[in-house]
Amino acid sequence: MLNEVTVLNIREYLAATENGKFGEEELKELLSEFSCSKNSDVERFLKKQAIEFTKKNQSVTYLVFHSQDASLVGYFTLAIKPICVSAEKFSNTTKRKIARVSEQRENELTYTLSAYLIAQLGKNFRNGANRKITGKQLLQAAVDTILKLQYMTGGMVFFLEAENEEHLMQFYEVENGFKRFAVKETNHRAKKSQKLIQLLKVL
């Protein structure tokens, strides 16, 4: 784990102790300190959905604190999801690794597998907290957590979904070695449909 940050599973708050040290109300108060004007969906998920999703075991959210002053600098959310991967564009080494943890469609280079999903990843822009952590450090905190899960449960692939914007593709593909494998179209009743690029990385 990175020395500069401390990562805490929000289940630690939801499992309230008798002395009242933790609790859901304290957690909600803490989450109210998070602000991300650059991505309203990231802020809304943390404040409106993260707790319920964790209670229902749909995903688990982790808060990231700066180790020196304990300020909330960001968060990430992890889940396990099935994916279908066409492996034609991947190297033979990557194909072999994916094949170990997947089912291959007969006569096709298409694999179906369960993978770790980095469902949310966001920095806290309140009071300059975003300057205490880089995007790469926040992503690495998520990857380090996945590595711990891999040690306990196995698996070899993790993935995420991002808007097809140049700076995001630069960050994930060029700077952090993710590979595109599909395009997902979202359907929102209140919004226009949106296409997200799905990118994966093999542990």
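Q: At roughly what angle do the axes of helix H5 and helix H6 cross?
A: In this predicted model, where local features need pLDDT of at least 70, side-chain atom pairs count only at pLDDT 80 or more, and totals for chains, interfaces and linings use all residues, the axes of H5 (residues 135-153) and H6 (residues 166-175) cross at roughly 60° and come within 12 Å. Residues are numbered from 1 along each chain as its sequence is written, and side-chain values use heavy atoms, with hydrogens and water left out. The axes are lines fitted to C-alpha atoms, for helices over the stretch in contact, with angles running from 0 to 180 degrees between N-to-C directions; helices (H or I, at least four residues) and strands (E, at least two) are DSSP runs numbered from the N terminus.

Q: Which residues make that contact?
A: Gly135, Lys136 and Leu139 of H5 meet Phe171, Tyr172 and Glu175 of H6, where contact means heavy atoms within 4.5 Å.

Q: Switching to H4, which of its residues are buried?
A: In H4 (residues 92-100) the buried ones are Thr94, Lys95 and Ile98, buried being under 20% relative accessible area, exposed over 50% and partly exposed in between, with a 1.4 Å probe and protein chains only. Seen down the axis of H4, these buried residues fall within an arc of 100°, so they line one face of the helix; the arc is that of the directions from the helix axis to the C-beta atoms.

Q: What's on the face turned away from the buried side, and what covers the buried residues?
A: The exposed residues Asn92 and Arg100 sit on the face turned away, while the cover over the buried residues of H4 includes strands S5 (110-123), S6 (157-163) and S8 (194-202).

Q: And H2, which residues are buried there?
A: Leu27, Leu30 and Leu31 are the buried residues of H2 (residues 24-31). Viewed down the axis of H2, they fall within an arc of 95°, so they line one face of the helix, whereas Glu25 and Glu29 are exposed on the other side.

Q: What do those buried residues of H2 pack against?
A: They pack against helix H1 (11-14), helix H3 (40-55), strand S2 (60-66) and strand S3 (72-86).

Q: Is Ile83 buried or exposed?
A: Ile83, which lies in strand S3, is buried, with a relative accessible area of 6%.

Q: What is Ile83 in contact with, neighbours within four places aside?
A: Leaving those neighbours out, Ile83 is in contact with Tyr111, Thr112, Leu113, Ala115, Val157, Phe159 and Phe181.
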